[in-house]
Amino acid sequence: MTSQNVIGIVAAIVLDDRGRLLLVRKHGSTWFMLPGGKPEIGEAAEDALAREIDEELGCALAAPPVAFGRFTAAAVNEPGAVVDARLYRIGLTAAPTARAEIAELRWYTLGSDDADLAPLVRDHVVRLVASG
């Protein structure tokens with residue numbers, strides 16, 4: 001696979017007080033994924049994450065993000081590509097709302113139906129969150 005098939009992203013792991021994972025679905029997509037997106041050229045990963053959370057969810061980070069790991073998975077909205085995701089655990093300053101390209105928010109209960117989860121979430125995040 002060539003480098004043009006790899007999409008670098010930052011993504012947020014947000015858990016509520018019941019241990020549910022915040023997922024988003026973009027307009028025109030059927031897949032639920034983590035909030036986040038692509039850093040702009042020269043933008044630090046943590047700055048990109050804060051910008052994307054503000055744009056997509058209408059809130060800010062409650063504290064500096066905590067690096068959770070880096071993982072790759074098939075990209076759901078760009079056939080033939082993979083995402084190279086830097087994951088961060090974050091808290092939010094307010095209740096999230098769907099904004100910009102986000103059509104829907106969902107609080108996902110670990111262990112429930114995963115048929116519409118993006119591969120990054122299904123294959124990596126759910127297992128990581130469940131293991132602590």
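Author: Two strands pair if DSSP finds at least two bridges between them. Helices (H or I, at least four residues) and strands (E, at least two) are DSSP runs, numbered from the N terminus. This is a predicted model, in which local features need pLDDT of at least 70 and side-chain atom pairs count only at pLDDT 80 or more, while totals for chains, interfaces and linings use all residues. Residues are numbered from 1 along each chain as its sequence is written, and side-chain values use heavy atoms, with hydrogens and water left out.

Reader: In what order do the three strands of the open sheet with antiparallel pairing stand?

Author: Strand 3 and strand 7 (102–108) are the edge strands, each pairing on one side only. The three strands form an open antiparallel sheet, and their order is 3-2-7.

Reader: Which residue of strand 3 is the bridge partner of Val24?

Author: Strand 2 and strand 3 are joined by two bridges in the antiparallel sense. Across this pairing, the bridge partner of Val24 is Met33.

Reader: At about what angle to strand 2 does helix 2 run?

Author: Contact means heavy atoms within 4.5 Å. Axes are lines fitted to C-alpha atoms, for helices over the stretch in contact, and angles run from 0 to 180 degrees between N-to-C directions. Helix 2 lies across strand 2, strand 3 and strand 7, and its angle to strand 2 is about 165°.

Reader: Which residue in strand 6 stands opposite Val10?

Author: Strand 1 (residues 6–13) and strand 6 (residues 82–89) run parallel and are joined by eight bridges. Within strand 6, Tyr88 is the bridge partner of Ala12. The residue opposite Val10 is Arg86.

Reader: Which residue in strand 4 is the bridge partner of Ala11?

Author: Strand 1 pairs with strand 4 over two bridges in the antiparallel sense. The bridge partner of Ala11 in strand 4 is Gly36.

Reader: Is Ile13 buried or exposed?

Author: Buried means under 20% relative accessible area, exposed over 50%, and partly exposed in between (1.4 Å probe, protein chains only). Ile13 belongs to strand 1, a strand in which six of the eight residues are buried. Beyond its neighbours within four places in sequence, Ile13 is in contact with residues including Leu21, Phe68, Leu87 and Val125. Because its relative accessibility is 0%, Ile13 counts as buried.

Reader: What is the relative accessible area of Ile90?

Author: Ile90 is found in the loop between strand 6 and strand 7. Leaving aside neighbours within four places in sequence, its contacts include Ala12, Ile13, Leu49 and Pro65. Ile90 is buried, with a relative accessible area of 4%.

Reader: With which side chain does the side chain of Ser29 make a polar contact?

Author: Ser29 lies in the loop between strand 2 (21–26) and strand 3 (32–33), and at 6% relative accessibility it counts as buried. A polar contact is a pair of N or O atoms within 3.5 Å; within protein, one must be able to donate a hydrogen and the other to accept it, and residues adjacent in sequence count only if both atoms are side-chain atoms. At 3.1 Å, the partner of the Ser29 side chain is that of Asn77.

Reader: Over the ring of which residue does the charged end of Arg106 sit?

Author: A charge sits over a ring if NZ of Lys or CZ of Arg is within 6 Å of the ring centre and within 35 degrees of the ring normal. The charged end of Arg106 is 4.1 Å from the centre of the ring in question, that of Phe32.
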